[in-house]
Amino acid sequence: MNPFKSIWNFLYISFHRLGSPREFYTISAYATPVFGLLFLGLSTYGAYLGLFVAPADYQQGDSFRIIYVHVPAAWLSLFIYVVMACASAIGLIWRMKMAFVVALCSAPIGAAFTFLALATGSLWGAPIWGTWWEWDARLTSELILLFLYSGVMALYYAFDDRRTAERATAMLAVVGVVIVPIIHYSVEWWSSLHQGATVFREGGPAMPANMLTPLLLMALGFTFFYGYCLFHRARNMVLHNERNSSWVREMINELE
Amino acid sequence: MLFRNTATLVQPLCFFVLIALLFPLSLPAENALLQRIGGGVIWVAAVLATLLSLESMFKPDHRDGVLEQLIISPRSLTTAVLAKSLAHWSATGLVLTLFSPLLSFAFRIPAEQAWVLFISLLIGTPSLTLIGAIGAALTVTLHRGGVLLAIIILPLYIPILIFGAGMVGQSTQGAAIDSQVYALLAIGVLATTLSPFAIAASLRLTID
Amino acid sequence: MQAKHGIAKLPFLQNHCCIAFMSSAARPHQPDTVASLAAVDIRCQRGERTLFSGLELSLERGQCLHIAGANGSGKTTLLRTVCGLRKADEGHVRWQGKDINDNHDFARAVAYLGHKDGLKDALSPAENLQFYQQLDGVLNTTLIDSTLQRMQLLQCADLATVNLSFGQRRRLAFARLLLQRKSLWILDEPFTGIDIAGRDLVEQICLEHLAADGMILLTSHQSLDHSSLASATRVVTL
Amino acid sequence: MNWSDFFAMGGYAFYVWSAWGLTGVVLLWQFTQPRLRNAKLRRELKRHYERQKLADSKQ
């Protein structure tokens, strides 16, 4: 059996096994602590590097260290939205309950990270711009993303029947993800209309290595944190949704 | 059907004009200021009027059961929904666009910019109705879906608003506006091709 | 060329009904040869409560199936699942062996009459029927008048539907059913709110439909034993 | 590496530490919320099942 075939049907089987809430619950029991540990390891190390070791930026001085919190949060807020949209699409196409659970559990985490990105962004810009809020392209896109998240969550809680709520929210997430790049493009154009390129640049690969590595570590660490919270919330949701099924009853009764 | 009860025709229009007129009343009414904000204000009024009238797109049909018949009929729901959206646009978007030159006088917008505003509304409002219809389809079964419709749809309207109002702003400074025209047209094409499927799917999702 | 790919030219733009855009001229509906409806191991849930599970249903030509059951036992949900408005949580509904999901033949064969009668209040009965005819791409007003006459609604054919009594509206909804000439009728509480004369008329229509190899799936509180339909009816209780 | 100028952060202490502090708070909150919900959920489910056992035994 050539390797690709075996990898493919391993993915295929695990994809389906993850599909059933019970399998997910047992698998996630192991995966959650692993994610937690990875997050702790990476982030503390990244934080240590970012705060202590990395040299101050020649122009912005130490306020530049906020980047180690702002960029991972901003990147994650977009990443989580895309994950939510993919999970929703999977849920809608193959009718997988678990996909909806993943999508719905990601929404609050995504919103939290978007808020975080907004707050740290304005904190970072404050000393430079002198104001707490600046109509800068990235901050405005984050703000709109925050409204998208709240729209998705508001729609979910508006329905009384859970099944319709899941499917409607999934549809909104999919429609949203199609429009997010357009929003980003229009905001970029719009902000270039008002003032020139913004003062604080993203940093990005142009940064020297010792500034960049903590950034990557932090971003990776946050992603595992997202994985950890997602699995935790998903387990709760699975318990709640499947409470009438026998395996949940046995599990709970065993606990006494 | 829509033209039958003219009420649904006149209401968005009055709402549009009223909102637009609020601004000159509430702001110091010297010409320079009015002219600069005119394009943006009229666009925001158009967005709000469209949003308000979206409610009456699927709710009446849902209430009397016609929507169910549409869903199970052999006729493809997507074309039915596209036809319904175009009919709905002609009652709201089109009417607002035709009235916008009148409002431009109230805002002392010179003829040349008023013409640009007219074009931007003409191109932009169909996408407003089409994308808004997705939200209307999602919230059709809810009793108090109005506010929710605004919350989920307004973020999606932002690119259209930016390009539409931006087009007028650019033209006041005499700058070239063709990039915005292309952007709005692109969004329009995207909306007309993709959203009917999304609307039909949303209806099938929420009606059961 | 235009007829070939079936885009019917807009017969009358001044017609105020926006659905007149509908394309693809429809072929006349003859009841299909092998027609059978089968529901296999269906489970339906409302909220967290499972209404029924593992339900088996089958319906052959010329048969009428009466779903009996207390209020809230899921009769309406079952009907809406069978007619495709709602997806079953588990199990399949098959028409001629093929799943009804996105099944064009099934869509052409099924007609549904629910609690909501699907009539526009602002339109008159004649216009309502005209709307449904256009939906199938057919237009022949003589058929409309004959159906209305059959349902004794001719005298109020041009009154706005909002002024009709509940019984008259139910008869108008039945007129729509007659008009669409579909082979499978799914009726939710067809007899509620109809007077004795109306009830006989409805039973008469159903009998004719069954005689013409049609199929009926209905729910009703009253038992059908004493009615003329009893002979052709099987009863399933939820 | 003396601690005092580390905390001063080149004059931007307030901004840097509030940014990191906020991050800590948000992460902590995202970390604990599911745990609280989990505990509450388990208690509710336990009571729910006991009530059902009671209901079954009564019939």
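Chain D has two helices and zero strands, where helices (H or I, at least four residues) and strands (E, at least two) are DSSP runs numbered from the N terminus. Of its 59 residues, 24% are buried; here buried means under 20% relative accessible area, exposed means over 50%, and partly exposed is in between (1.4 Å probe, protein chains only).

A quick word on the ground rules. This is a predicted model, where local features need pLDDT of at least 70, side-chain atom pairs count only at pLDDT 80 or more, and totals for chains, interfaces and linings use all residues. Residues are numbered from 1 along each chain as its sequence is written, chains are lettered from A and ligands numbered from 1 in the order in which they are written, and side-chain values use heavy atoms, with hydrogens and water left out.

Now for the aromatics. A pair of aromatic rings is described by the distance of the centres and the angle of the planes. Rings of Phe, Tyr and Trp (its six-membered ring) pair if their centres lie within 6.5 Å; planes under 30 degrees apart are stacked, over 60 edge-to-face, and the rest tilted. By this rule there are 18 aromatic pairs over all chains. One of them is the tilted pair of Phe39(A) and Phe225(A), at 4.8 Å centre to centre with 55 degrees between the planes. This pair ties together distant parts of the chain, since Phe39(A) is in helix H2 (residues 21-53) and Phe225(A) in helix H7 (residues 209-241) of chain A, 186 residues apart. Both Phe39(A) and Phe225(A) are buried.

Phe79(A) and Tyr226(A) form an edge-to-face pair, because their ring centres are 6.2 Å apart and their planes stand at 85 degrees. Here too distant parts of the chain are linked: Phe79(A) is in helix H3 (residues 67-94) and Tyr226(A) in helix H7 of chain A, 147 residues apart. Phe79(A) has 29% relative accessibility, so it counts as partly exposed, while Tyr226(A), at 4%, counts as buried. Also in chain A, Phe24(A), Phe35(A), Phe224(A) and Phe231(A) make up one aromatic cluster.

A charge sits over a ring if NZ of Lys or CZ of Arg is within 6 Å of the ring centre and within 35 degrees of the ring normal.

| Charged residue | Ring | Distance to ring centre |
|---|---|---|
| Arg176(C) | Tyr132(C) | 5.1 Å |
| Arg199(C) | Phe191(C) | 4.6 Å |

Backbone next. Most residues other than glycine have a negative phi. Asp102(C) has a positive phi of about 50 degrees although it is not a glycine. Asp102(C) lies in the loop between strand S5 (98-99) and helix H2 (104-109) of chain C, and is exposed at 73% relative accessible area. Asp213(C), also not a glycine, has a positive phi of about 65 degrees. Asp213(C) is in the loop between helix H6 (196-211) and strand S8 (215-219) of chain C, and is partly exposed at 41%.

Last, the cysteines. Over all chains there are zero disulfides, a disulfide being a pair of cysteine sulfur atoms within 2.5 Å. For Cys83(C), the nearest cysteine sulfur is that of Cys44(C), 11 Å away; Cys83(C) is buried, with 2% relative accessibility. For Cys206(C), the nearest is that of Cys64(C), 7.0 Å away, and Cys206(C) counts as buried at 1%.
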